[in-house]
Structures are given as C-alpha cells and as structure tokens.
Amino acid sequence: MKWLYPDIYVDSLLEIKPEMLVEKGIKALILDLDNTLVARGRKKAEPEVIKWLKDFRQRGFKLCIVSNSTWGRSGRIARTLGLPSVFRAVKPRRQPFRRALSILGTRPEETAVVGDQLFTDVLGGNRLGLYTIMVPSLGGPDFILTRLIIRRIERLLLPRIKAKRRVASGGEGDYCLR
Ligand SMILES: [Mg+2]
C-alpha cells in the first residue's frame, strides 16, 4: 500500500511552489502531461500553468515531461512549452523515469514526480525513490480503462491519502510539510 501513497497531495498544481521543494533538496521535476499540465483533449496549456512552469525554471529547476501518451498532440504541446519529454512511457515502469533522470541529470532523491494518477505517476515515482506529488486531475476524459477501473480504485483510496498526505496552502507561500 505504501507504494500508492504520494509524499504529498495538493489541491492544485499551482499550489506547488519552488520554495517548498528547494527546502527538500529537490532540483528537478518530472511532469505528467495529460490532466496534470493540460486537460486531456486540450491543445495547449492554460496561461497559469505556463507561468507556473516559468517560475520553476527561473528558480533553476530542471523539468521533463514523462507521458504515457504518444507523440503527436502531446509532442506539440511539449515543444510549445519548451520541455524535453519521454513519450509512450508505460508508467509505472521504471525505465521511462530513469530516462528522464538522465535527461535531467539529477539523482532520484533530488527529483520530484508530479502527476494526477496513483497507478502510473505515484507508483512509478515511488518505485524509484523519487519524491511524489499528487495533484487532482484537470478533468479531461481519461482512457476508457483508466476511467472504468483505475479511477474507481483511486476514489476509494483518495480520502485516506488526503487525510494523511494533503498539504494545505496557508496563504502566500506558506506550507506545512510533514
Ligand atoms: Mg495524467
């Protein structure tokens, strides 16, 4: 079960601030694309997300997308965002995360995974000892199997995850991390 617990859960991607990760020694982010940065089905990221990425870059963070989707729409989004990417990742396999680490040039303990799914992003990140951050789905449609099976299991687990790992925003930049 512990493999399915993120290190932290936040109510929005935008609540993740560089300062809280700098404190933890994190230098790079591995980012899920669909329903984390961009609602699945949308062609581009919202301006707030673009600004959020810029804030991290300006603080010296390295960023890389790891996505289970194929090149094409996702590749175009990644190019527009100017981010290196690993596609067809088949998360939670470890290999795509390892590839991302080599692109980023960081060690697992210096790297966080940010994603909306327990069984791909969180599980995959935990298997490699990365710092895992779960965010709510942006609400775009999931793949059918994800919707029918995975999301149902997530719904059962989420109350416990939120009770144990949720980090509440205490206003401007204040966070209480466990
Ligand atoms: Mg996703």
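So, the donor residues of the magnesium ion follow the spacing D-x1-D-x81-D along the sequence. In the model, Asp-32 (OD), Asp-34 (O) and Asp-116 (OD) coordinate the ion at 2.1 to 2.3 Å. A donor here is an N, O or S atom within 2.8 Å of the metal (3.2 Å for Na, K and Ca), and sites may look incomplete because water is not among the atoms.

Quick word on what you're looking at: this is a predicted model, where local features need pLDDT of at least 70 and side-chain atom pairs count only at pLDDT 80 or more, while totals for chains, interfaces and linings use all residues. Residues are numbered from 1 along each chain as its sequence is written, and side-chain values use heavy atoms, leaving out hydrogens and water.

Are Asp-32 and Asp-34 buried or exposed? Both are buried, and that word means under 20% relative accessible area, with exposed being over 50% and partly exposed in between (1.4 Å probe, protein chains only).

Now keep your eye on Asp-116, which also forms a salt bridge with Arg-151, the closest N and O atoms being 2.5 Å apart. A salt bridge means a side-chain nitrogen of Lys or Arg within 4 Å of a carboxyl oxygen of Asp or Glu. This pair links distant parts of the chain: Asp-116 is in the loop between β5 and α5 (118–127), Arg-151 is in helix α6 (residues 144–165), and they are 35 residues apart. For those labels, helices (H or I, at least four residues) and strands (E, at least two) are DSSP runs, numbered from the N terminus. Asp-116 and Arg-151 are both buried.

How many salt bridges are there in the whole structure? The search finds 12. Another one joins Glu-110 and Lys-27, at 3.2 Å from N to O. That pair also links distant parts of the chain, 83 residues apart: Glu-110 sits in the loop between α4 (94–104) and β5 (111–115), Lys-27 in the loop between α1 (18–22) and β2 (28–31). Glu-110 is buried at 9% relative accessible area, whereas Lys-27 is partly exposed at 46%. Glu-110 meets Arg-107 in a salt bridge too, at 2.9 Å, N to O. And there's a network here, with Lys-27, Arg-107, Glu-109 and Glu-110 linked by salt bridges.

Next, the sheet. We have an open sheet of six strands with parallel pairing, in the order β1-β6-β5-β2-β3-β4; strands pair if DSSP finds at least two bridges between them. At the edges are β1 (8–9) and β4 (85–86), each pairing on one side only. Strand β3 (residues 62–66) pairs with β4 over two bridges, and Ile-65 stands opposite Ser-85 in β4.

Last stop, the aromatics. Rings of Phe, Tyr and Trp (its six-membered ring) pair if their centres lie within 6.5 Å; planes under 30 degrees apart count as stacked, over 60 as edge-to-face and the rest as tilted. Why is the pair of Trp-52 and Phe-56 called tilted? Because their planes are at 55°, with the centres 4.7 Å apart. Phe-56 also pairs edge-to-face with Phe-61, at 5.0 Å centre to centre and 80° between the planes. Both Phe-56 and Phe-61 are buried, and together with Trp-52 they form one aromatic cluster.
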